[in-house]
Amino acid sequence: EMIAACQLDSIPKEIEYGDLTDELIAKIAASIEGRSFGGFDIARRKDLTVLDIEDQLGDVFWNRATILFPKVRLTTQKEMLWKLMDKLNLERVCIDSTGMGLSLGEDTVEKYGQYRAEKVEFTLKVKQDLAVRTRNIFEDRRTRIAVCQKLRDDLHAVKKTTTAAGNIRFDAERTDKGHADRFWAKSLAFMASD
């Protein structure tokens, strides 16, 4: 119910990287009315790379694009991220810099500076902050998302568990559909707005 309350038919569906034309990028840019932020969850082989673009109008985040990069080379992902940062005039992007995303994150910070790009390493504390922030935004109905079953599945996939040592952990089971990649990209975009 919490997710359904934030869904709108008018929000665009996901876009595959190969379908992203200059005309479509211009259309996304024209749809942005407020402050724009991005979240970039990086993968290469097993999971999806997802770039989530959010347009903040007042205190509500409108999803303007969710771009999927299935099994796309990291150099190509970086080139497209930079192109979109420029064309969409993204104010800030938070980048998953855990593991293989480290180099891409470092290069992006070097090119755009620490204000426009931030490397985010997925520690237990960071994942908790991301998950709680995202849940709060959905609870408060401060986001508008597409009617998309894959996004709903990713939002439901992240679970809170407590380890034997008493540590709180937020994570999702890795399946053939990914590792809650859309959730983490959206959470990173929300983080970028801080």
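Which residues do ring pairs link into a cluster? Tyr17, Phe40 and Phe69 are the residues linked in this way. The views below come from a predicted model.

**View 1. The protein chain as a whole.** Six helices and ten strands make up the secondary structure of the protein chain. Of its 194 residues, 49% are buried. The chain exposes about 9800 Å², and carbon and sulfur atoms supply 47% of this area. Among contacts between residues at least 6 apart in sequence, 67% join residues at least 24 apart.

**View 2. An aromatic pair between strands E3 and E5.** The rule for ring pairs gives a count of six aromatic pairs. Phenylalanine 40 belongs to strand E3 (residues 35-41) and phenylalanine 69 to strand E5 (residues 60-70), so the pair ties together parts that are 29 residues apart in sequence. Phenylalanine 40 has a relative accessible area of 0% and is buried. Phenylalanine 69 is also buried, at 1% relative accessibility.

**View 3. Strand E6 and its neighbours.** In strand E6 (residues 92-96), five of the five residues are buried. Arg92, Cys94 and Asp96 point one way from E6, while Val93 and Ile95 point the other way. E6 runs parallel to E3, and four bridges join the two strands. Valine 93 in E6 stands opposite glycine 38. E6 also pairs in the parallel sense with strand E7 (residues 117-120), over four bridges. Here isoleucine 95 has lysine 119 of E7 as its bridge partner. Between E6 and E7 the chain passes through helix H3 (residues 101-116), in a β-α-β crossover that is right-handed.

**View 4. Charged side chains over aromatic rings.** Two such arrangements are shown. Lysine 111 has its charged end over the ring of tyrosine 112, 5.4 Å from the ring's centre. Arginine 144 lies over the face of tryptophan 62, and the distance to the ring centre is 5.8 Å.

View 5. Is serine 193 buried or exposed? Its relative accessible area is 14%, so serine 193 falls under the 20% cut-off and is buried. When neighbours within four places in sequence are left aside, serine 193 is in contact with Phe37, Gln56 and Phe61.

Notes. Residues are numbered from 1 along each chain as its sequence is written. This is a predicted model: local features need pLDDT of at least 70, side-chain atom pairs count only at pLDDT 80 or more; totals for chains, interfaces and linings use all residues. Side-chain values use heavy atoms; hydrogens and water are left out. Rings of Phe, Tyr and Trp (its six-membered ring) pair if their centres lie within 6.5 Å; planes under 30 degrees apart count as stacked, over 60 as edge-to-face and the rest as tilted. Buried means under 20% relative accessible area, exposed over 50%, partly exposed in between (1.4 Å probe, protein chains only). A charge sits over a ring if NZ of Lys or CZ of Arg is within 6 Å of the ring centre and within 35 degrees of the ring normal. Contact means heavy atoms within 4.5 Å. Accessible areas come from the Shrake-Rupley method with a 1.4 Å probe; for residues, only the protein chains shown count as cover. Two strands pair if DSSP finds at least two bridges between them. A crossover is right-handed if, with the strands pointing away from the viewer, the path from the first strand over the helix to the second runs clockwise.
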